[in-house]
Amino acid sequence: MSERITLRITMELRSDTILGSGFSIPGGEDIAVCIDGQGYPYLKGSTFKGLLRESLENWMVWTGGSLEAVDALLGDRGWNGKADGRRVQITALTLEDKPADPAECFSLRTFTSLEDGIVKEDTLRTAACVRSGLKFSGELTCDAGDVALMKNVLLGIKWAGTMRSRGFGAVKVCGEEKATVEPPNPVQGRCVRYRLHTETPVFVTNLSRSRGNSYETRGYIPGSAVRGMVMSDLAARVPEWFQAHRAALLSEQTRFLDAVPVVGDLAPLPSIKGFYEDKKETDFVSVLTADGEVPAGYKRAKLGTFCALEESTVRYWSAETDGATRIQRHANEENENTEPFQNRYLSAGQDFEGYILADDPAVMAELTSALTDTVWLGADRYEGFGKCSVTQREAVQQPTWLDAYGCQEPVGEVLYLLALSPVTMLNSCGEPCGIDTQRLAELLGVETVTITVCSTSLAEFGGYNRAWESRIPAVQMYDRGSIFRIECTPSPSLDALRKVELQGLGIRRAEGFGQVLFLSKSCFEGLHQKAAWQKEEQRTASTAGDLRRARYRWVMAHSEAVTRAKLSRSQLGSIQSLCEKAIANEDNWEELEQHLEHNYRNRGAKHGSRFKEINQLIHNILETPLSETLGVPCEKDTTKERLRLLCLLFDYSRKKTDEKEESGR
């Protein structure tokens, strides 16, 4: 495997530049700039790659080189995702010296079109520009033999952004080699814990929740993604060793657990599905300790996607996500969709913790050698996404959640079984069956296992086999966080529980599926309240513009939810009018709630299905703190402000619909 070299890229703006996001801001700019979660501008990795391709093609024409090298370095549309040592990997270019107020980075410009020397009607447009003189930086990683070529190609990038013909977007780009980092020492043992820090956004597409031209992300990094990265590295770097150990590496003797978001030193669990609460979120109960009885009017508790158990409190959080709108510019009009599409992704700057378990400790040293200082994970790894730094690798006796929440002596006959990852077992006919109690009894060494009460959800999980270039058939499983109260006769031994917890249950355990935990009875039954985890250092909004930009970002990111509902104009108008009525009626939205409930519950399944998503969206906004919704601190958080956010969303969605209809005429 050839050596890879990383170049530090710098881009200096020599004129005002419009780094367009593809969005217009309702009530604001017609051409908006790409901004990060703090409101600072940046150049997307996919945009930077387009500039690099343009300059590389020019270089090959000028020097008489082969255009085939362009696809070898930057890929082509037919790429199937297999690793290639010569492919260039890039990051987004972010601002170097950030001013205290993000607004200092921008200026507004207004444009019109002229017709016979007179301003043409309906052509007034406003664009946000990034000020001249600012410097951006990022990284480019390539094969050692292509370093000189890449340096020349970078110097050939003279313009960036839109409206270049009008004098915007003059830039100077250059690249310098970074010092080579020595590979870390291998780690040996049966269980290795590692931590990843997302240096760039990471795409981990959740196909089961994706709709139309909107692609959702998982809130964690799947073990299958880490496994694929490690196996690809070993197959390319130490092919003889990989072939000799192939059977152990690709079987369930080696298990890659999901890397999940962590906060502080808390041992993370998937949010447990057995808790319910009233609408005011003041009463918090577990249906597993109440024999499955849910009090009237209660709903499943909002617990984010991950949690930690602290005495009587469930402390919960979710991974931070964001979105980007993109377009396939060179799509085949007959076979490919040329409309813009939106990707959700895991935001940069987060920590994820995962584990590798191996029955044979001899293979662990080579496995961990693939977890170098920098790894690339997820989709679009050559488009500016997926870069992660490995901040921790250490051998441990067992995952932290076993020590923090696992069942201890005496075990007892009543157990709480929690699915840490999606899980399903196979019955005697080889069909997915959820939990096979007879097989579980054999594994625990007891006569019988009976599920007395449970709280679960189901989802489908597929995959992609790059060797065969085909999708793995989707399998329905119990989703992470599903919990079962089981009774064993007689009580199992603690060693039997630990063996099941470390080996897992059911299918696809090598990819991180089938991980379970037998919760400590005293730990679980003592929970009776919840609390959201808060960052110790939250960024304060430096200007009113921060909050304004956050509102617009949220509106644009969630406009597809309104479109997917497929409600008529009059139905959306009725909902918005009730929102505005509630604003004028001292924040009382009881009439709005009754309207939604009537349409969702009382007018038939077909009619109700159209109101399901909009009903859930409105309740989520009105029942969630505004700072949590927008991702920035909000001093003024009232029901009226939340209702105004909904009205802004409806206005923007209607504007998008009008624009589509106008373009279709």
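Me: Tyrosine 276, buried or exposed?
Reply: Tyrosine 276 counts as buried because its relative accessibility is 16% (buried is under 20% relative accessible area, exposed over 50%, partly exposed in between; 1.4 Å probe, protein chains only). This is a predicted model: local features need pLDDT of at least 70, side-chain atom pairs 80 or more, and totals for chains, interfaces and linings use all residues. Residues are numbered from 1 along each chain's sequence, and side-chain values use heavy atoms, without hydrogens or water.

Me: Which strand is tyrosine 276 in?
Reply: Tyrosine 276 lies in β17, residues 275–277 (strands are DSSP runs of E, at least two residues; helices, H or I, at least four; numbered from the N terminus).

Me: What does tyrosine 276 touch, beyond four places in sequence?
Reply: Its contacts (heavy atoms within 4.5 Å) are Asp283, Phe284, Val285, Val287, Val294, Tyr298, Lys299, Arg300, Ala301 and Ser455.

Me: Switching to valine 363. Where is it?
Reply: Valine 363 sits in the loop that runs between β24 (351–358) and α7 (364–369).

Me: Buried or exposed, valine 363?
Reply: Valine 363 is buried, because its relative accessibility is 1%.

Me: Last one: arginine 14, where is it?
Reply: Arginine 14 is in the loop between β1 (4–13) and β2 (42–43). Arginine 14 counts as exposed because its relative accessibility is 52%.
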